[in-house]
Amino acid sequence: MTHSRLEPANIDILPGAGGRETAPPLIRTNAAETIRRARLRADLGDLMDLGLLIAVNILFIRWEASHVPFMSRDLSMLLLLIANAGYVVSWAMTRVVPLVNARRISSTWSRNERQRVRI
């Protein structure tokens with residue numbers, strides 16, 4: 001079958017897909033719901049970590065005989081202090097810093113864009 005150069009060839013470039021006359025596919029995802037679930041999961045993980053941290057601190061502070069094996073009580077308390085500081089820094093780096101950066105970047109957006117996206 002020969003085609004002239006002036007009329008387009010009716011070739012199936014993507015089998016199963018219609019031509020230009022078909023409607024685009026429906027989007028079946030809900031990004032807002034996915035984001036809400038991810039934030040809830042992160043918050044629950046943070047609460048569990050914080051609860052474990054508080055329980056270990058209470059154990060070490062209330063029970064005088066508690067210590068890390070092969071360490072004195074003073075060194076064990078110093079290690080606990082370092083672990084607490086490490087947790088706080090880790091939490092801040094994963095939660096607070098991205099939020100501050102997002103707010104800083106969104107300050108350059110127009111009023112309509114800021115109202116559409118809640119940070």
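## Overall picture

Of the 119 residues in the protein, 8% are buried. Keep in mind as you look around that this is a predicted model. Its secondary structure consists of 3 helices and 0 strands, so the order along the sequence reads simply as α-α-α.

Contacts give another view of the fold. Taking those between residues at least 6 apart in sequence, 26% connect residues at least 24 apart.

## How α1 and α2 pack

Let's turn to the helix pair. Helix α1 covers residues 31-62 and helix α2 covers residues 73-106. Their axes lie 11 Å apart, and the two helices pack at an angle of about 165°. Angles over 145 degrees count as roughly antiparallel, and α1 and α2 are therefore roughly antiparallel to each other. Their crossing is left-handed.

On the α1 side, the contact is made by A42, D46, D49, L50, L53, V56, N57, F60 and I61. From α2 come R73, S76, M77, L80, N84, Y87, W91 and R95. Sorted by class, the contact of α1 with α2 has 10 nonpolar residues, along with 3 polar and 4 charged ones.

## Confidence

How far does the predictor trust its own model? The average pLDDT of the protein is 81, and 76% of the residues score at least 70. Confidence is highest in α1, at 90, and lowest in helix α3 (residues 111-116), where the mean is 78.

A friendly reminder for browsing the coordinates: where pLDDT is low, they should not be read in detail.

Methods
Residues are numbered from 1 along each chain as its sequence is written. This is a predicted model: local features need pLDDT of at least 70, side-chain atom pairs count only at pLDDT 80 or more; totals for chains, interfaces and linings use all residues. Side-chain values use heavy atoms; hydrogens and water are left out. Axes are lines fitted to C-alpha atoms, for helices over the stretch in contact, and angles run from 0 to 180 degrees between N-to-C directions. Helices (H or I, at least four residues) and strands (E, at least two) are DSSP runs, numbered from the N terminus. Angles under 35 degrees count as roughly parallel, over 145 as roughly antiparallel, 65 to 115 as roughly perpendicular and the rest as oblique. A crossing is left-handed if the near helix is turned anticlockwise from the far one by less than a right angle, and right-handed if clockwise. Contact means heavy atoms within 4.5 Å. Ala, Val, Leu, Ile, Met, Phe, Trp, Tyr, Cys and Pro count as nonpolar, Asp, Glu, Lys and Arg as charged, and the others, Gly among them, as polar. pLDDT is the predictor's confidence in each residue, from 0 to 100. Buried means under 20% relative accessible area, exposed over 50%, partly exposed in between (1.4 Å probe, protein chains only).
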